[in-house]
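Subject: Handover of a protein structure

Dear colleague,

Please find below the structure that I am handing over to you. I would be grateful if you could look through it before reading my notes.

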Amino acid sequence: MLLAKISIAEDNPIYRDLLHKVLDKQQYFRVVSESDNGEDLLKQIRKAKPNLFLLDVIMPNTDIIKTIQKIKEIDPDIHILIHSHFLYDGIIISLHKAGCCGFVEKIDFETLIQAITGMIKDGHYYGGRVL
């Protein structure tokens, strides 16, 4: 199994810390960076060298579409998984056009782990209500 080197972008510090702890307990997952907005996330790409970004859709001072496009400009092979409560048809289509290939609602950690595994293995994940 390939190792998921994950960069988390989540503005809620308590939830971000919980994500980090849950994901780092998985055998093939390593959290390599964290940020609370898109600007900081972009600054960390070259240093942390993640192969998967776990992004919340709504964060302060962040245009999520532009952030995804910039990530893909830096490294087109990076997997981007959107993890949010705010997944509806219009935003999913826009995010997909920007370069995102994975969407999972903030439901439970088991679903999130399945989504990350699917992203690393297959390059995409569309679960739950997204389908």
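The notes below describe the overall build of the chain and then some individual residues.

This is a predicted model, in which local features need pLDDT of at least 70 and side-chain atom pairs count only at pLDDT 80 or more, while totals for chains, interfaces and linings use all residues. Residues are numbered from 1 along each chain as its sequence is written, and side-chain values use heavy atoms, with hydrogens and water left out.

Overall build

The protein chain contains 5 helices and 6 strands, where helices (H or I, at least four residues) and strands (E, at least two) are DSSP runs numbered from the N terminus. Their order from the N terminus is β-α-β-α-β-α-β-α-β-α-β. For 131 residues, a compact globule would have a radius of gyration near 14 Å, and the 13 Å of the protein chain agrees with this; the radius is taken over C-alpha atoms, and the globule rule is 2.2 Å times the number of residues to the power 0.38. Along the principal axes, the C-alpha atoms fill a box of roughly 35 × 35 × 30 Å.

Of the 131 residues, 48% are buried (buried means under 20% relative accessible area, exposed over 50%, and partly exposed in between, with a 1.4 Å probe and protein chains only). Among contacts (heavy atoms within 4.5 Å) between residues at least 6 apart in sequence, 63% join residues at least 24 apart.

The aromatic pairs

The structure holds 2 aromatic pairs. In one of them, the ring centres of Tyr15 and Phe109 are 6.1 Å apart and the planes lie at 20 degrees, so the pair is stacked. Rings of Phe, Tyr and Trp (its six-membered ring) pair if their centres lie within 6.5 Å; planes under 30 degrees apart count as stacked, over 60 as edge-to-face and the rest as tilted. This pair links distant parts of the chain, since Tyr15 belongs to helix 1 (residues 13–24) and Phe109 to helix 5 (residues 109–122), 94 residues apart. Phe109 is partly exposed, with a relative accessible area of 24%.

Asp11

Asp11 sits in the loop between strand 1 (4–9) and helix 1. Asp11 is partly exposed, at a relative accessible area of 31%. Beyond its neighbours within four places in sequence, Asp11 is in contact with Arg16, Asp36, Asp56, Ile58, Met59 and Pro60. Asp11 and Val57 are 46 residues apart in sequence, with their C-alpha atoms 9.9 Å apart in space.

Yours sincerely
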